[in-house]
Amino acid sequence: LKNGYLSCPVAWSIAKREGVPKIAIGAITDKLGFRITNCQIGCFKVDKTLFSEPPTDTISKELAKTLEALDREGKLTCEKTFELAKEYNLIPMTLGNEISARGIKVHQCQLGCF
């Protein structure tokens, strides 16, 4: 913990090390009264979030269409965001910035934060 917060990447590392689902780490964190910070896709409490900018050409038109379709269907989850970032060879935060700049909402945090 740092100042009562557990960073998202550290929470993921703990889950991997302990062999438990990420959602279990989120549940324990809630039970202990701690907060998750530094979302890896920029959804909350990240000092380096860039999404105040308009969308850029960082992502392909194909990926932009995929994001729009997932948004219409309400199926853009945290897990899917990471899958797309990997598939399109992007840093998750870069994709998160593009998602936010387009006004798209990510659902179902893998740690259970949203």
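Leaving aside residues up to four places away in sequence, S7 touches T37 and N38, and this contact belongs to a model that is predicted. S7 is found in strand β1, which covers residues 5–7.

**Around S7**
- S7 has a relative accessible area of 17%, and because the cut-off for a buried residue is under 20%, S7 counts as buried.
- Although S7 and C39 are 32 residues apart in sequence, their C-alpha atoms are 7.2 Å apart in space.

**Helix α3**
- Helix α3 has 13 residues, 61–73, and at 1.5 Å a residue these should span 18 Å, which agrees with the 18 Å between its end C-alpha atoms.
- The buried residues of α3 are L63, A64, L67 and L70, and they lie on the same side of the helix because they cover an arc of only 125° around the axis.
- These buried residues pack against α4, residues 78–87, and α5, residues 92–101, whereas K61, E62, K65, R72 and E73 are exposed on the other side of α3.
- After α3 comes G74, which has a positive phi, near 70°.

**The nonpolar core**
- The largest nonpolar core has 27 residues, and those touching the most other members are L63, L67, L76, L84, L95 and L111.
- At least two residues of this core come from each of α1 (8–18), α3, α4 and α5.
- Not counting residues up to four places away in sequence, L67 touches I59, L76, L84, L95, I99 and I104.
- In soluble globular proteins, nonpolar side chains tend to be buried together.

Methods. Residues are numbered from 1 along each chain as its sequence is written. This is a predicted model: local features need pLDDT of at least 70, side-chain atom pairs count only at pLDDT 80 or more; totals for chains, interfaces and linings use all residues. Side-chain values use heavy atoms; hydrogens and water are left out. Helices (H or I, at least four residues) and strands (E, at least two) are DSSP runs, numbered from the N terminus. The expected span of a helix is 1.5 Å times one less than its number of residues. Buried means under 20% relative accessible area, exposed over 50%, partly exposed in between (1.4 Å probe, protein chains only). The arc is that of the directions from the helix axis to the C-beta atoms. Contact means heavy atoms within 4.5 Å. A nonpolar core is a set of buried Ala, Val, Leu, Ile, Met, Phe, Trp, Tyr and Cys residues joined through side-chain atoms within 4.5 Å.
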